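Reader: Could you take me through the salt bridges in this one, slowly? I'd like a close look at who pairs with whom and what sits around them.

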Amino acid sequence: MRRLLADQHHDLARLPLEFLANGWDNELYRVGEGLIARLPRRALSAQIIKNEQRWLPGLAPRLPLPIPYPERTGVPACGYPYSWSVVPYLPGVPAAQASSFDPAGAAAAVGGFLGALHVPAPADAPANPFRGVPLAQRASTFAANLAQLTGQVGQDQAGRDAVLRVWDAALAAPGYDGPPVWLHGDLHPANVLVNDGQVSGVIDFGDITAGDPASDLSVAWMLLPLECHASFWSAYQAVGGRAGDALRARARGWALNFAIVFLAHSEDNPVLLEVGRRTLSTMLDNQRGSAG
């Protein structure tokens, strides 16, 4: 890492350098007090980095929460084969791991963030076949994941029936008829930072894409108690986000889809496994409340 910095960013090479982690996609280094270097570990991750380098610097200035946009970029050199980035260090811990945070403040902050993000995207925005698409395109995967959880989802037949009612309502909702808007693409509580009880940033834009905003808006059910949802939607609309019953129904469906994905495939990731459990509990509480 220091060789790459010395080769391409001489001023940063003199700063203290600390290895932080090997993620699935990137190696992370702390550079001085205020920067993080992200080095892709595989070719797929290198394409993600290029998407972030191209689009995040333009999006960051108009968003109301900090994001890790590339302040510096690097190119393959010194035997390292991929482009890489230096991004600002954002203080805080993922909301999924925070001991507590202010849910009302989070509803306003995240709703306002998404309202600002969800503006029409250019035609050459990154494509993503798994986010921002019609929910029906996830139906076969949803059914397969749900089948893996037989005996677990809702713990009884009534709970399973409630899950399917939410899913069927989401599939029956009118589809998105607006222009494709910018999407974070992977917005769940592990990618929302909290510092001193308040939302302090949004991270991990590797799935950035454009399409139906419902997939991003599913974060309301993953992050917030039901009593804060009205504030979330108000904040979203206050800065230009569109809302309505169809969008909320699709967003609920996406939240349920993510919950089932996390429950079916996160045996080695206790943080996302717990996000799945909490989200499903919120979905079932919502369904029982609607039926009562």
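Author: Arg 242 and Asp 177 meet through their side chains in a salt bridge, at 3.4 Å from N to O. Arg 242 sits in the loop between helix H9 (229–238) and H10, while Asp 177 is in the loop between helix H6 (157–172) and E7, so this pair ties together parts that are 65 residues apart in sequence. Both of these residues, Arg 242 and Asp 177, are exposed. Bear in mind that this is a predicted model.

The structure holds nine salt bridges, so let me pick out a couple of others. Arg 131 and Asp 186 also join side chains this way, at 3.8 Å from N to O. Here again distant parts of the chain are linked: Arg 131 belongs to the loop between helix H4 (103–117) and helix H5 (139–148), and Asp 186 to the loop between strand E7 (181–183) and strand E8 (192–195), 55 residues apart. What about burial? Arg 131 has a relative accessible area of 16%, and because buried means under 20%, Arg 131 is buried. Asp 186 counts as buried too, at 16% relative accessibility.

Then there's a local pair. Glu 274 forms a salt bridge with Arg 277, and their closest N and O atoms are 3.7 Å apart. The two are three residues apart in helix H11 (residues 270–291), which means about one helical turn separates them. Glu 274 is partly exposed at 30% relative accessibility, and Arg 277, at 48%, is partly exposed as well. Arg 278 comes into the picture too: salt bridges with shared partners join Glu 274, Arg 277 and Arg 278 into one network.

For what lies elsewhere, look at the open sheet of five strands, ordered E1-E2-E3-E5-E4 with antiparallel pairing. Strand E1 (17–22) and strand E4 (72–74) are at the edges with a single partner strand each, so one side of each has no neighbour in the sheet. From one strand to the next, the twist averages 25°. Helix H3 (residues 43–59) packs on this sheet and touches E2, E3, E4 and strand E5 (84–88), with its direction at about 135° to that of E3.

Methods:
Residues are numbered from 1 along each chain as its sequence is written. This is a predicted model: local features need pLDDT of at least 70, side-chain atom pairs count only at pLDDT 80 or more; totals for chains, interfaces and linings use all residues. Side-chain values use heavy atoms; hydrogens and water are left out. A salt bridge is a side-chain nitrogen of Lys or Arg within 4 Å of a carboxyl oxygen of Asp or Glu. Helices (H or I, at least four residues) and strands (E, at least two) are DSSP runs, numbered from the N terminus. Buried means under 20% relative accessible area, exposed over 50%, partly exposed in between (1.4 Å probe, protein chains only). Two strands pair if DSSP finds at least two bridges between them. Axes are lines fitted to C-alpha atoms, for helices over the stretch in contact, and angles run from 0 to 180 degrees between N-to-C directions. Contact means heavy atoms within 4.5 Å.
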